[in-house]
Amino acid sequence: MPAATTPEPLWLVLGASSSVARAFIRLAAAGGASLILAGRDLADMERSAADARLRGAAEVEVRRFDAADGASHAAFAAALPARPLNILLAFGLLHPQAAIDRDPALAAEVIAINYQGAVSILARLEPRLAAAGQGAVVVLSSVAGDRGRPSNFVYGSAKAGLNVYLQGLRARLSHHGVSVTTIKAGFMDTAMTYGLPGMFLVASPEAAAKACLDAAAKKRNLLYFPFFWWLIMGIIKAIPERIFKRLKL
Amino acid sequence: MSEPGWKRDVFRGWGRLAGAEMLAARPERVSELPAILAAAGPEGIIVHAGGRSYGDSALNTGGRAILTRRLDRLLAFDPASGLLVAEAGVSFEDLRRLFLPRGFLAPVTPGTAFVTLGGAVANDVHGKNQDQAGNFGSHVEWLDLMLPSGEVRRLTAADPLFRATVGGLGLTGVILSVAFRMMAVPSRFVALRERRMADLDAFLAALEVERRQAVYSVGWIDALARGPALGRGILEAADPAPPSPSDSYVEAKARRFPIDLPGLALNPLSVAAFNARYWRRVPAEGRERRVSYDRFLYPLDAIGDWNRLYGRRGFHQFQALLPEAEGRTGVRALLEACAASRAASFLAVLKTMGREGAGLLSFGGRGYTLALDFPARPGSDDLLRRLERLVLDHGGLIYLAKDSRLSAAGFAAMYPGLPEFRRTLAAVDPSGRMRSDMERRLKIRGDG
């Protein structure tokens, strides 16, 4: 191969120990990508990094990143390599609503990670994305943000806030050739949901990872995953509020 | 009532006999394991990984289980030495897909690639090259074991705990990672020689020759043939094939066996017809051809869920090793008992073994090994009891990874390493955190 070919893509994976992130890392590695794995569990990420190298990744490094520690985000962003970057934002925190009802302090944690943490780091990364004039940002959000249901509305409202933020970010970065994809994920078979009651039609992390990578390649704006959640949420969103409030959802 | 991170589910061994309800955790990080182990109550906990053990060795009815398939990362590989370090949830299928294109193969592999490395250690599995290569455990340079207490120890063959963990049925703790040397192969193919064998004597004589000259050898026996045809079948012998410019390799399409076959479908008549056809598949003069490692090593993996073939009641798998001196009479006695019961065993597999295993409860040694499977029916328990008696009479042993019916007394008589295993287990797991249905059935911890 001549040296003039474009270098392999570089993916920054935020929340690299999550189930979907791990599947994504493998998929990107098999395609020869370079990766920066970012998260809190350094020992775990070192294992994923070794795995990614053996599966074909070009370069892999591990960096400490804590979504809840907003004060550290500016330094984290500043220390990233100068080359163009793609981003998978895969961190998230789900406390079941019943647990939040018992201990309302947990609501702040859910908001701090899913909304505040995501906005904080993306805001720090936005200037360099705009300056690079290329790249893809894929954010794992949730169908829970489409409507506030009694069974999950703290998590849902944090994701709803994130979804609205991403709309604005997408519009701004579109002028700079950077795509922003909101993945509205339904039920997935991850560590976050393992053992939770009421799960159906669960998708594998591998399928979710492939959807993320494909969405980035196609510069999709919004993707329901699995696709049929588009229909389910379409129906749920269409229910008038006066009826919706009486449903047990 | 639900505990976060735990899920109640019904699990079965690969033979799909009785289901076991267990509360299962599915860790994705090693750091979750100590808390999972600490949650084990008096009912105990056992690792359930690939789910390919036929019987009850990875089941713990009413207790807990750890599903380790997501602890499946490759940690290091040195192409010069072949040394691979991988988490225990990595399967032989993962290795096949990633390393065969690079010219490396596991030095020992069981007959299905869906077994994990942890399972391969815990059952000290063997393959079609046992005569020359021994069991999987003999290739392990070291392994990391999390003791039931949560403490992690790196074990080498010199460590007594290594000898209890290899072939130890998961009772010494959770195997975290395994280091072993992959074997360089010249191509993705073996040179396979297939010949018809008219009867058992011809079979044993030919195996005697092949065990010394071929890397891989395996015999497929028509377990329904009786009288002068007893023991007829096909002998396959194979060696790594040199690369050939005409080689083209296409990954086989995954097919699944779609339904539970009705119990009636596998009757002596239909199985006899199948077996006769299988025998005639190879021309009378024999044949030689190049076959991919995948097809040679894992013939049934091309059909997912093939175990549904035996219907909803499941099936028994039985594998015994008979010492060399007793081989001829012992194999004949087992085949006669099977043929007489008309138990409709599909195909029996006859191989030679040449080496002892590295574990206290390893299935290994020099002799002949015969594997049979038959659908679970009223009467199959009687047949299994007769087979156990015959194995004991001939000084043999029954392979625990496939067993579901062996008696505790028979087990103790077959495995002389049991007293030492019990002592090691008492020291490493004094409170009895690691439990399984097989451990209770075979009274592996003793009567206490």
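**Note on the two-chain model**

1. Strand S6(A) is largely enclosed by the rest of the structure, because 7 of its 7 residues are buried. A residue is called buried if 20 or more other C-beta atoms lie within 10 Å of its own, exposed if 12 or fewer do, and partly exposed in between, with C-beta atoms placed from the backbone. Strands (E, at least two residues) and helices (H or I, at least four) are DSSP runs, numbered from the N terminus.

2. The model is predicted: local features need pLDDT of at least 70 and side-chain atom pairs count only at pLDDT 80 or more, while totals for chains, interfaces and linings use all residues. Residues are numbered from 1 along each chain as its sequence is written, and chains are lettered from A and ligands numbered from 1 in the order in which they are written.

3. Which residues of S6(A) are buried on each side? Ser179(A), Thr181(A), Ile183(A) and Ala185(A) are buried on one side, and Val180(A), Thr182(A) and Lys184(A) on the other, so both faces are covered. In a regular strand the side chains alternate between the two faces of the sheet.

4. S6(A) runs parallel to strand S5 (residues 136-142) of chain A, and 7 bridges join them. Two strands are taken to pair if DSSP finds at least two bridges between them. Ala185(A) in S6(A) is the bridge partner of Ser142(A). From S5(A) the chain passes through helix H6 (residues 153-174) of chain A to S6(A), in a right-handed β-α-β crossover. Right-handed means that, with the strands pointing away from the viewer, the path from the first strand over the helix to the second runs clockwise.

5. S6(A) and S7(A) also run parallel, joined by 4 bridges. Here Thr182(A) has Leu222(A) in S7(A) as its bridge partner. The crossover from S6(A) through H7(A) to S7(A) is left-handed.

6. Two backbone details of chain A deserve a look. Leu201(A), in the loop between strand S6 (179-185) and helix H7 (205-217), has a positive phi near 45 degrees although it is a residue other than glycine. With 10 C-beta neighbours inside 10 Å, Leu201(A) counts as exposed. The peptide bond from Phe225(A) to Pro226(A) is cis, with omega near -15 degrees, and Pro226(A) lies in the loop between strand S7 (222-225) and helix H8 (229-238).

7. Chain A as a whole has 9 helices and 7 strands. Its radius of gyration is 18 Å, close to the 18 Å that the globule rule gives for 249 residues, so chain A is as compact as a globular protein of that length. The radius is taken over C-alpha atoms, and the rule is 2.2 Å times the number of residues to the power 0.38. Of the 249 residues, 44% count as buried.

8. How many residues of chain A are in contact with chain B? There are 14, and they meet 15 residues of chain B; contact means that the C-beta atoms, placed from the backbone, lie within 7 Å. Helix H2 (residues 42-54) of chain A gives the most to this side, with 6 residues.

9. Chain B is divided into domain 1 (74-185) and domain 2 (189-406), with bounds from an automatic or database domain assignment. The domain centres, taken over C-alpha atoms, are 24 Å apart. Contacts link 29 residues of domain 1 of chain B to 27 residues of domain 2 of chain B.

Technical notes:
Two residues are in contact if their C-beta atoms, placed from the backbone, lie within 7 Å.
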